[in-house]
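This report describes selected strand pairings and charged side-chain contacts in the structure shown below.

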Amino acid sequence: MSPFNAFCGLNEATPSQSNLSAGNVPAAFKVELTPDHSVLIRAEEILRPALKMMYRVTGLPLAQVWYDENWPSPLGPSGIYIKHNTFGKEPSRLRSRFLIWGMNHMLLSMQLTNRYCQTTAVLKWEDVAVGTIYVSRTPPAGLTWSRRNSSDLVEYNPGEPKPLSNPRFAMSLAYGDNPIHRNLLYLTCIKAMGEAAEAGLNRIVAGLYTLGLQRTAWKLIGEQREIEAGYSREAAVTALGRMIHDDRFFEVCVWVKVHGVQSAVGGYTQGF
């Protein structure tokens with residue numbers, strides 16, 4: 001048994017990845033990236049609003065129609081803005097699934113090139129541009145940031161109810177000894193939220209396993225019974241929020257209770 005599985009009390013078996021993966025992006029979907037390397041932005045200044053954006057996007061149906069929206073960073077003047085394209089009587093073809101795929105593609109490119117900077121990502125479906133994601137230090141021309149979204153969804157306040165939490169859901173957390181770079185945790189959490197959404201938040205699964213970069217992974221496995229995929233999304237972002245609050249970025253084990261009954265165990269790992 002691996003040290004992490006022993007730490008969490010997990011069985012050695014890993015849930016099948018037949019539970020779906022957001023990595024299976026259709027060939028009809030394309031992303032055209034235009035990075036501006038002259039405007040560098042601190043990675044966390046981009047990743048924090050990206051977490052918030054993905055939590056919002058993955059909480060809605062994959063076919064949800066999107067219009068213009070934005071998420072300012074809690075760490076600086078930057079933010080993420082999405083803009084839809086109009087098509088006459090059909091005003092928007094921008095859907096949640098396109099935003100999930102597009103954000104994962106853009107952030108992965110930034111991490112792999114180690115270039116977090118002002119970027120425009122045009123999202124195309126069957127060669128038609130359906131929308132654009134802007135990562136920008138200042139609002140793109142003709143657009144303004146909406147401050148109504150300024151609160152940080154992954155902020156963790158011990159002892160206070162967290163507004164994004166499902167009232168049936170409770171989670172406890174324990175830190176391990178192995179540090180993980182915060183950017184890898186952010187990216188893994190974003191991918192895990194997308195994979196839970198693609199599995200279907202209300203779908204019953206044995207568990208979900210998300211593999212990020214550099215062998216960083218998120219897993220949540222049902223104990224004795226299956227769980228809804230949405231609990232993986234909730235637990236992943238709640239655990240990361242706790243790490244941000246504590247400023248401690250290590251392997252963690254999480255235990256999830258549903259209606260007061262311990263229902264799942266998992267956490268963030270690296271190297272196992």
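## Basis and salt-bridge count

A salt bridge is counted here where a side-chain nitrogen of Lys or Arg lies within 4 Å of a carboxyl oxygen of Asp or Glu. By this rule the structure contains eight salt bridges. Side chains of opposite charge can pair when their charged atoms come close.

The model is predicted, so local features need pLDDT of at least 70 and side-chain atom pairs count only at pLDDT 80 or more, while totals for chains, interfaces and linings use all residues. Residues are numbered from 1 along each chain as its sequence is written, and side-chain values use heavy atoms, with hydrogens and water left out.

Helices (H or I, at least four residues) and strands (E, at least two) are DSSP runs, numbered from the N terminus. Residues are called buried under 20% relative accessible area, exposed over 50%, and partly exposed in between (1.4 Å probe, protein chains only). In strand β3 (residues 79-84), five of the six residues are buried, so the strand is largely enclosed by the rest of the structure.

Two strands are taken to pair if DSSP finds at least two bridges between them. Strand β2 (residues 69-72) runs antiparallel to β3 and is joined to β3 by four bridges; W71 stands opposite I80 in β3. With six residues between them, β2 and β3 form a hairpin. Strand β5 (residues 128-136) also pairs with β3 in the antiparallel sense, over six bridges, and here K83 stands opposite T132 in β5.

## Salt bridges of E44

Within helix α2 (residues 43-58), R48 and E44 are four residues apart and are therefore separated by about one helical turn. These two residues form a salt bridge, with the closest N and O atoms 3.4 Å apart. Both R48 and E44 are buried; for E44 the relative accessibility is 11%.

E44 also forms a salt bridge with R182, where the closest N and O atoms are 3.1 Å apart. This pair links distant parts of the chain, since R182 lies in helix α4 (residues 182-199) and E44 in helix α2, 138 residues apart. R182 is partly exposed, with a relative accessible area of 27%.

The side chains of K191 and E195 meet in a salt bridge at 3.8 Å, N to O. Both residues lie in helix α4, four residues apart, which is about one turn of the helix. K191 is partly exposed at 23% relative accessible area, whereas E195 is buried at 3%.

## Network

Salt bridges that share partners join E44, R48, R182 and D247 into one network.
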